[in-house]
Structure formats: C-alpha cells, structure tokens
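The following exercises concern the structure shown below. Each task is followed by a solution in steps.

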Amino acid sequence: MPKYIVSRLTASSVSLPRSLVKLERAIAFHAYTAVLFTRSDLKTIFFPVLAFACTVAPVHSIPRLLLGMIWIWIHQLMCNVSNQARSQLEDAINKPWRPLPARRVTEQQAITLRWVTVFICFGISALIGPDLILITVGLLLTTLLYDEMGLAGHFIGKNLCNIAGYTSIEIGATKLVGVSGELDYVSITAVCLSGALIFTTVQAQDFADVEGDSALGRITFPIYAPELSRAITLFAIPFWAWGLGIFWDIGPWCRGTYSVIGALLGWRYYTLRTPAADRQSYLLYNVSIFRFVLHTTWGILYIDEAV
C-alpha cells in the first residue's frame, strides 16, 4: 500500500478519537454548566416540588414520575437562567461558583440560553398536553415580571412572584405525575397552603444574601426591616409546623416533633445572624420542609379517602 494512503488512514484513525474526546468534553462542560445554574435551587425547588407532587397526586407510574422530574428540572433551569443572566454582580459576592461569575458563560450567552430554555419548556409541555402549556406561560410571565420588569427589586413584588412561581410548578408537577391529571380538593388545598407558607417564610432565603442584594440595590425584607423580618421568621416557622400538623392530622407525636423543630429553627434564625449561619439555617429550613411533606403523606391519603 502506498505510503501516502497509509499516512492518511493513520491520521484519520487518530483524529477521530480526538474529535470524540473533544465532543465528550464539550458535552460534559455544558451539562455541568446547566447543573451549576440549578444547583442552589435543587434543595429549594426541585426536591420539595417533587416530594409535594408525589404526595398529593399520587404517582401514576415510574415513567410519569421520571417525566415529571425532567419537566420540573427544565422549568427550574428556565427560571434560574433568567434570574442569573443579569445578576452576575450579586452572584460574584454570594455564589461565585455560578456559571457567570465563574466565567463559564458570558452574559450574552446566558441571555440566549434563557430563551432557548423557554422554547424547550414549551416544546416539552406541548408534547404532554395543553394544561401544561398554560403553566409554562404562567412561569414565563412570572420570570418576565421578576427579572425584566424589576419586581425582584422589592420584597413585596419578589414574594408575589415567588408564590406564583412555586405554585405554578407545583400544579404542573402534580398534574403530570398524578393518576388523573386533574387537581382534586386535596391538591388545591395543598397548593393554597403552600402559597401562604411561602409568602410568610420566603425571607428565609434572603438573610444570607443581604450583601449581594444590597450591591444590586434590591430591597428584600431583611434589608427593609432587619429586626421585623427576623421576628416574623421566629414565629412563622413553628406556627406553620404546628398548624399544618393539625390540618393534615399527622398525629400528636409527629406534630409535637415538628413543632419543636420549627421553634428551634426559628430561634436559630433570630439569634445566629452571620451569612454562614443563615446559609446553614436555610439548608435546615428546606430539609425540614422536605421531611414534613413526606410525613404528611399519610394524613393527605386519609383525607383523600374520606373525600
């Protein structure tokens, strides 16, 4: 065989693996970037919403559960990218590992990705059903109000957008993973209670971000009223732990346990006020909600059977 043919075959056999390696690295890089966009809200959105939907639906099948997980995550990604595309200054202070301050993507690339995720969300929802398209529209409008229209800059607008965002994704996830695809009395009640809980305790996520929010000129509840926001959190968390325990009838022992946990967590928020302590408190806050949702399954199932 002529030498030039051998050399060309050798070059192609070497270049093909190298191109595959580059492709694998590029895929891994961009996939990890997507995970970094959603990382901090996995504990606040993905897992709590998934637990909520599985509890109140209940789950129709494993394929529907997996589809629900994909739907929740991609809609969370849409919201996260929208929020982070214009908050590089804040993230550089509070969360420097996020894609923009870590220089994994540029601001223009993040804005482009923001609209790409919108089309992906609409595509997935359209394949599933018209009800979910309306929910995607609701989430898109919420992100526009929150990020483009500036409602994130004041705690009242931020709280209202948080309620709209959380309850919308809870409704969509519940419809998707559930048996009937419709919301019953239990589901509607759970969504309404979730919205009320979020409105009265959402400031729990803002205490650790005071420095970054101040740098952007945002007026969150902890910035507007530092003492009052701590005092409300002190009482709101144990109140909800006790009240929801009674409403869902989880039993005196569980209700008492969660009331004590809520009181300790509220006291922790009120007394430990460093950014590191607030981040730890917020982690405990989300873990407590996640565990409470799982425990209330039995009370919800009992109510559902009674209805």
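**Exercise 1.** Determine which residues Tyr285 touches, not counting residues up to four places away in sequence.

*Solution.* Tyr285 touches Leu197, Thr201, Ala204, Ile237, Leu265 and Tyr269, with residues up to four places away in sequence not counted; contact means heavy atoms within 4.5 Å. Tyr285 counts as buried because its relative accessibility is 10%; buried means under 20% relative accessible area, exposed over 50%, and partly exposed in between (1.4 Å probe, protein chains only). Finally, Tyr285 and Gly266 are 19 residues apart in sequence, while their C-alpha atoms lie 9.1 Å apart in space.

The model is predicted: local features need pLDDT of at least 70, side-chain atom pairs count only at pLDDT 80 or more, and totals for chains, interfaces and linings use all residues. Residues are numbered from 1 along each chain as its sequence is written, and side-chain values use heavy atoms, with hydrogens and water left out.

**Exercise 2.** Classify Arg279, Asp209 and Arg103 as buried, partly exposed or exposed.

*Solution.* Begin with Arg279, which is found in helix 13 (residues 275-295). Its relative accessible area is 46%, so Arg279 is partly exposed. The C-alpha atoms of Arg279 and Ala204 are separated by 9.2 Å, although the two residues are 75 residues apart along the chain.

Asp209 is located in the loop between helix 8 (185-201) and helix 9 (210-216). With a relative accessible area of 14%, Asp209 is buried. Apart from neighbours within four places in sequence, Asp209 is in contact with Glu90, Asn94 and Lys95.

Arg103 belongs to the loop between helix 4 (88-94) and helix 5 (107-128). Its relative accessibility is 73%, so Arg103 counts as exposed. Its backbone also deserves a comment: most residues other than glycine have a negative phi. Arg103, not a glycine, has a positive phi of about 65°.

**Exercise 3.** Describe how helix 11 (residues 226-247) packs with helix 12 (residues 252-271).

*Solution.* Two packed helices are described by the angle between their axes and the distance between the axes. The axes of helix 11 and helix 12 come within 8 Å and cross at roughly 175°; axes are lines fitted to C-alpha atoms, for helices over the stretch in contact, and angles run from 0 to 180 degrees between N-to-C directions. Helix 11 is therefore roughly antiparallel to helix 12 (under 35 degrees is roughly parallel, over 145 roughly antiparallel, 65 to 115 roughly perpendicular, and the rest oblique). Residues making the contact include Ile237 and Trp242 of helix 11 and Leu265, Gly266 and Tyr269 of helix 12. The contact residues divide into 13 nonpolar, five polar and three charged; Ala, Val, Leu, Ile, Met, Phe, Trp, Tyr, Cys and Pro count as nonpolar, Asp, Glu, Lys and Arg as charged, and the others, Gly among them, as polar.

**Exercise 4.** Repeat the analysis for helix 3 (residues 62-84) and helix 7 (residues 155-177).

*Solution.* The two helices, helix 3 and helix 7, pack at an angle of about 160° with their axes 8 Å apart. Helix 3 is therefore roughly antiparallel to helix 7. Among the residues in contact are Trp71 and His75 of helix 3 and Ile169 and Lys175 of helix 7. The contact comprises eight nonpolar, four polar and two charged residues.

Technical notes:
Helices (H or I, at least four residues) and strands (E, at least two) are DSSP runs, numbered from the N terminus.
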